[in-house]
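Trainee: I would like to learn how to read a structure one feature at a time. Where do we start?

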Amino acid sequence: MRVLAKAFYPLALLSSPPPSSVPPLASAFFAAGSNGARSPFPARRGFSSSSTKPTATATATAAMGASAAAAEPAVAPTKLEDVSPSYKELLGRLETIAQLGRCQSVLGYDQQVFMPKTGEAAAERGAQMSALSGVIHGMKTDKGLLALIEKSEEDLKAHGDGTSSFGDEARLLAIERRDFLKNERVPPELAQRAAAHQAKAQQSWQVARSKSDFAAFEPDLSECFAIAAETAERKGDEGADVYSTMLDEFETNMPKDRIDEIFGEIKAALVPLLAKVLASEAQPDKSPLAGDFPADKQAALAKKLVESIGYDPAKGRIDVSTHPFTSSSGTKDVRITSRFTEGAWREGIVATLHEGGHAIYEQNHPASSYKIDDALSLGAHESQSLFWERHVALSKAFWRYAAPLMREAFGEGFDHSPEAVYKAVNAVQPSFIRVEADELTYPLHVILRYQIESDVVAGKLSVKDIPGRWNGDMKALLGLDVEDDAEGALQDIHWSALAIGYFPTYLIGAATAAQLEHFCRRDIPDFDDLVEKGEFSKLREWLTDKVHRHGSRYESLDDMLEAQLGEKLNPKYFVDYLTRKYTDLYTLE
């Protein structure tokens, strides 16, 4: 990911190297994944009244020392800034930081989509992004910002209890205090060293990958892990688990032991299920996926489909790029890209719908410029893209809606039935490459990476031994014999970008999407009938009610799901969904 203020690359997340002279990628990974670096939205004083204030705000208030039992004032002012000059000034500073973050987003999108593809242009853009990042970092770590936060907290206690009078304000101050202290703990020397090494490691990774030579990349990768660990040790509280601190950059308050619990249940169910699927004689016919599919017709169809599920093109645009991604610089400007391959339509159509899920989330946030109205986490964000991709676009009902549109777009040559298309798009075939993996095998790719990186951080695995461990796990989990490093431990860019702890968010998002689908079907019994008719508004409105409108008011994904659905993230819904779907598709006993 580049230095887009918000960027999500779910399907084709950097499966091939970026241009050689791009700005450091680590900042963009953290921009997309860290609560402390996301780009907020257009300015509006106060907060949206449409969002339910969760009880979790009481925890935020308690952390500031305010008593949950404090009495409300007789007449509470509408906005804290009406009675707190410090809070008003703080909002102004936060708005400026947000506006500069938007500038980063636009520059990053231009670099990915429109900018001349020359080294000189990339170098110029790198200098621009570096200068802008320096200004933003300086504003975020200015001691004056902390002073305003502290004075605002005092005013909050003086004028309200922080849970009913100023619940949103209390939550925002808690977020800003946490992020400031995290940023402050990282000395400039370490931040500069991380940025410099990340740029070096990216180049080293590209060369090593092209030659399938892990040994050539090993020294730089070792330093990537060392710098990431040092940064996490600085940011984390004393005695905190280092890998959990790394995870927190991307999935707020979801520590390693919680992820171990979730992933353990998924792994135990999927490995035997995959074995049954591969042994089945009822293998789907994949011929509907190949044929004469001009890219321009694919793009037109993808646009029609993504708009049908709720993406508003008047508040964004759709372009083509090397890797599909979503970029947001405000609820009124959310852009998506996709890519289309002549003769193979699945990737472009499905990728566009996936990105549409990300974009719909962005377009339906409360429209303010503050972190409280931003996405809760990367797992929460991925759940929205995967809800639309897997639980809508890969469903039987969807292809009863979309197959006629395919025939209309591609002509009589596309004469496949909705059932045949459904089976083809859901066919299972283990792959060496994560971004090419199907729905059933993809979770195992994520678990493999999660286990490897967490063991390296814990000192249980040396970097030089990663390829051997990787190849052994691929054989155990997917039954594949890895023959070279390019198809093995060198295929992903994440570790070279110091984005250690990022991989788990993909599977957290998938599990969350399945849980959301379960409860959505409970609340909307005619779910499939609506999808088959191409009527998606009720589903979208349900997601807005349960997820979009709450922004970051909850302290974790678990907290939000428990408040909105009645239970924390529960992997059984994901396991049940996959078991039910692939038992039917492959006629398993």
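Trainee: Which residues does Thr 441 touch, not counting residues up to four places away in sequence?

Mentor: Bear in mind that this is a predicted model. To read contacts, set aside the sequence neighbours and see what remains. With residues up to four places away left out, Thr 441 touches Leu 274, Val 428, Pro 430 and Leu 478.

Trainee: Where in the chain is Thr 441 placed?

Mentor: Thr 441 is in the loop between helix 15 (418-425) and helix 16 (442-457).

Trainee: Is Thr 441 buried or exposed?

Mentor: The term buried applies under 20% relative accessible area. Thr 441 has a relative accessible area of 0%, so Thr 441 is buried.

Trainee: Let us take another loop residue. Where is Ser 280, and what does Ser 280 touch?

Mentor: Ser 280 sits in the loop between helix 10 (256-279) and helix 11. Neighbours up to four places away aside, Ser 280 touches Tyr 586, Thr 587 and Leu 588. Its relative accessibility is 12%, so Ser 280 counts as buried.

Trainee: How should I set separation in sequence against distance in space? What are the two values for Ala 208 and Glu 218?

Mentor: Put the two values side by side. Ala 208 and Glu 218 are 10 residues apart in sequence, and their C-alpha atoms are 9.3 Å apart in space. Ala 208 is found in helix 7 (residues 188-211). Leaving aside neighbours within four places, Ala 208 is in contact with Asp 213, Ala 216, Phe 217 and Leu 490. With a relative accessible area of 1%, Ala 208 is buried.

Trainee: Now backbone angles. What is phi of Ser 212?

Mentor: Phi of Ser 212 is near 50°, a positive value in a residue other than glycine. Ser 212 is in the loop between helix 7 and helix 8 (214-235). At 24% relative accessibility, Ser 212 counts as partly exposed.

Trainee: What is phi of Leu 498, and where does Leu 498 lie?

Mentor: Phi of Leu 498 is near 65°, which is again a positive value in a residue other than glycine. Leu 498 lies in the loop between helix 17 (466-478) and helix 18 (504-523). Leu 498 has 6% relative accessibility and therefore counts as buried.

Trainee: On to helix pairs. At what angle do the axes of helix 11 and helix 14 cross?

Mentor: Read the angle, then the axis distance, then the handedness, then the residues. The axes of helix 11 (residues 295-309) and helix 14 (residues 396-410) cross at roughly 150° and come within 10 Å. The class roughly antiparallel covers angles over 145 degrees. Helix 11 and helix 14 are therefore roughly antiparallel to each other. The crossing of helix 11 past helix 14 is right-handed.

Trainee: Which residues make that contact between helix 11 and helix 14?

Mentor: Helix 11 contributes Lys 297, Gln 298, Leu 301, Lys 304, Leu 305 and Ser 308. From helix 14 come Phe 398, Tyr 401, Ala 402, Leu 405, Met 406, Glu 408, Ala 409 and Phe 410. The residues of this contact divide into nine nonpolar, two polar and three charged.

Trainee: How do helix 3 and helix 6 pack?

Mentor: Helix 3 (residues 85-113) and helix 6 (residues 167-184) pack at an angle of about 60°, with their axes 13 Å apart. That angle makes helix 3 oblique to helix 6. Their crossing is left-handed. The contact is made by Tyr 87, Leu 90, Leu 91 and Leu 94 of helix 3 and by Glu 169, Leu 172, Leu 173 and Glu 176 of helix 6. By class, the contact of helix 3 with helix 6 has six nonpolar, no polar and two charged residues.

Trainee: How many disulfides are there?

Mentor: A disulfide requires a pair of cysteine sulfur atoms within 2.5 Å. By this rule the count is zero. As for individual cysteines, Cys 224 is buried, with a relative accessible area of 0%. Cys 520 also counts as buried, at 0% relative accessibility.

Trainee: And the chain as a whole? How many helices and strands are there, and what share of the residues is buried?

Mentor: The chain has 22 helices and four strands. Of its 589 residues, 59% count as buried. Among contacts with a separation of 6 or more, residues 24 or more positions apart account for 77%.

Conventions: Residues are numbered from 1 along each chain as its sequence is written. This is a predicted model: local features need pLDDT of at least 70, side-chain atom pairs count only at pLDDT 80 or more; totals for chains, interfaces and linings use all residues. Side-chain values use heavy atoms; hydrogens and water are left out. Axes are lines fitted to C-alpha atoms, for helices over the stretch in contact, and angles run from 0 to 180 degrees between N-to-C directions. Helices (H or I, at least four residues) and strands (E, at least two) are DSSP runs, numbered from the N terminus. Angles under 35 degrees count as roughly parallel, over 145 as roughly antiparallel, 65 to 115 as roughly perpendicular and the rest as oblique. A crossing is left-handed if the near helix is turned anticlockwise from the far one by less than a right angle, and right-handed if clockwise. Contact means heavy atoms within 4.5 Å. Ala, Val, Leu, Ile, Met, Phe, Trp, Tyr, Cys and Pro count as nonpolar, Asp, Glu, Lys and Arg as charged, and the others, Gly among them, as polar. Buried means under 20% relative accessible area, exposed over 50%, partly exposed in between (1.4 Å probe, protein chains only).
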